[in-house]
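Please look at the sequence and the structure as they come up.

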Amino acid sequence: MASRAPAATGRLLHGLHKWYYNLCGFNKIGLMRDDTLYEDADVKEAVRRLPEKVYNDRMFRVKRAIDLTMKQQILPKDQWTKYEEDVHYLIPYLEEVIRERKEKEEWLKK
């Protein structure tokens, strides 16, 4: 019985994550999690490093979200970003930018 507890807990946490994802609302206007990051210098550099297709897809989602927000509308439910389809496309680039910035700061301290 004890071996089943982690699996049940994992399913519960997955369900909780999915519920919270839908509660946030950004998926209803077609955005992904990484589209909603606050754009500081690190995020701007990471966005600059994105491949062209990924960058263009991001800009399309952001522009569509702005248009929908201005019209106070949401997408039809079949066009919402699904939890399973949402990938962290920006995180690898952001981690690289942060690592480079910290390395540069360490180098300048010496």
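Predicted model: local features only at pLDDT ≥ 70, side-chain atom pairs only at ≥ 80, totals over all residues.

Residues are numbered from 1 along each chain as its sequence is written, and side-chain values use heavy atoms, with hydrogens and water left out.

The protein chain has four helices and zero strands, and from the N terminus its elements run α-α-α-α. Helices (H or I, at least four residues) and strands (E, at least two) are DSSP runs, numbered from the N terminus. The radius of gyration, taken over C-alpha atoms, is 18 Å, well over the 13 Å that the globule rule gives for 110 residues, so the chain is more spread out than a compact globule. That rule is 2.2 Å times the number of residues to the power 0.38. Along its principal axes, the C-alpha trace spans about 55 × 50 × 20 Å. Of the 110 residues, 25% count as buried, meaning under 20% relative accessible area, where exposed is over 50% and partly exposed is in between (1.4 Å probe, protein chains only).

Let us now consider the helix pair. How do α2 and α4 pack? Helix α2 (residues 41-48) and helix α4 (residues 91-109) meet at an angle of about 125°, with their axes 8 Å apart. The axes are lines fitted to C-alpha atoms, for helices over the stretch in contact, and angles run from 0 to 180 degrees between N-to-C directions. That makes α2 oblique to α4; angles under 35 degrees count as roughly parallel, over 145 as roughly antiparallel, 65 to 115 as roughly perpendicular and the rest as oblique. On the α2 side, D42, V43, E45 and A46 make the contact, and on the α4 side Y93, L94, V97, I98 and R101. Contact here means heavy atoms within 4.5 Å.

Two loop residues remain. T36 is placed in the loop between α1 (4-24) and α2, and at 43% relative accessibility T36 counts as partly exposed. Not counting residues up to four places away in sequence, T36 touches F26 and L31. Q72 lies in the loop between α3 (52-70) and α4. Is Q72 buried or exposed? At 74% relative accessibility, Q72 counts as exposed. Its phi is near 55°, a positive value in a residue other than glycine.
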